Amino acid sequence: MSEDTTTDETVQRLMDQYAEIARLAGGLAHEIKNPLSTIRLNMQLLAEDVLPDEADDGAILSAEQRRAAKRIAAVQRECTRLQELLDDFLNYAKVRRVELQPRDLNLEIVDALDFFEPECERAGVEVEAFLDSDLPTVRLDREAFRGALTNLLLNAVQAMPEGGQIVVQTRGLGDRVAIYLTDTGAGMDDATASRMFEAFFSTKPGGSGLGLPTTAKLIEAHGGTITVQSELGRGTRFTIELPAVARLGKAVPDKPAADTRQPTTDN
């Protein structure tokens, strides 16, 4: 058996193991969601039994009711956090099967920016786009790519609580296409930046740490790569590179055949 065959079998076995682990983890997450929903519903009913009707604005809570209200609210908050964590995990653990079709990358970016514009306006963030007009076509799964780009935009906005600027650029790199997304946020040190794509690593209180790892999986499913550069106090740049669809060569007009006739002479 050749070395290449052995390597292929090893890779396939690891992929099968990963798929099985993802399936089991996804099943476990679904099993947790069911009782969690029951807990949330019962906490809501308990609040209705213990606390005065919301319509009774003048009601004065006893000390026992205040303690009960505080504990009920704490459990409800944790249930919500667990629900969001499970949703993020299920999204991350999914085995991605993207449907790639030739697309105009610039057009997809413009559509995503238009969709995200209200969020930027609320946060006081200005968005500038510098898109290469001669960009090659790329193969995209529209929904998956928009999810990845929106996640990066949201991450940038959250890094600028006082407002700022996001610059989105595209550029052709021969047989690849690059997308640069730069923000003017707080930035990160090298140690933090090196872990941005690790599952469950987060610098945000209560964050699941699965947003950027999920984004990285989506980009990889497109045959692409994503990297990050950051500097404290100066902002962050994410770089996505995707394979470009090969362009057809321009037809070269045939040269006129050389005239091999001998010149005639007058007698």
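Is Arg176 buried, partly exposed or exposed, and at what relative accessibility? Arg176 counts as partly exposed, at 23% relative accessibility. Buried means under 20% relative accessible area, exposed means over 50%, and partly exposed lies in between (1.4 Å probe, protein chains only).

The structure is a predicted model, in which local features need pLDDT of at least 70, side-chain atom pairs count only at pLDDT 80 or more, and totals for chains, interfaces and linings use all residues. Residues are numbered from 1 along each chain as its sequence is written, and side-chain values use heavy atoms, with hydrogens and water left out.

The chain holds 6 helices and 7 strands. Both are DSSP runs, numbered from the N terminus: helices (H or I) have at least four residues, and strands (E) at least two. Read from the N terminus, the order is α-α-β-α-β-β-α-β-β-α-α-β-β. The chain has 267 residues, and 30% of them are buried. A contact means heavy atoms within 4.5 Å. Among contacts between residues at least 6 apart in sequence, 74% join residues at least 24 apart.

Strand E5 spans residues 176-183 and includes Ala178. Ala178 is buried, at 0% relative accessible area. Leaving aside residues up to four places away in sequence, Ala178 touches Gln169, Thr170, Arg171, Leu173, Ile240 and Glu241. Leu135 is 43 residues from Ala178 along the chain, and their C-alpha atoms are separated by 9.5 Å.

The whole structure contains 5 salt bridges. A salt bridge is a side-chain nitrogen of Lys or Arg within 4 Å of a carboxyl oxygen of Asp or Glu. Side chains of opposite charge can pair when their charged atoms come close. One of the bridges joins Arg176 and Glu241, at 3.3 Å from N to O. This pair links distant parts of the chain: Arg176 lies in strand E5 and Glu241 in strand E7 (residues 235-243), 65 residues apart. Glu241 is partly exposed, at 25%.

Another bridge joins Arg81 and Glu78, with the closest N and O atoms 3.3 Å apart. Both residues lie in helix H2 (residues 63-93), 3 residues apart, or about one turn of the helix. Arg81 is partly exposed at 36%, and Glu78 is partly exposed at 40%. Glu198 and Arg195 also form a salt bridge, with the closest N and O atoms 3.1 Å apart. Glu198 is partly exposed at 36%, and Arg195 is partly exposed at 37%.
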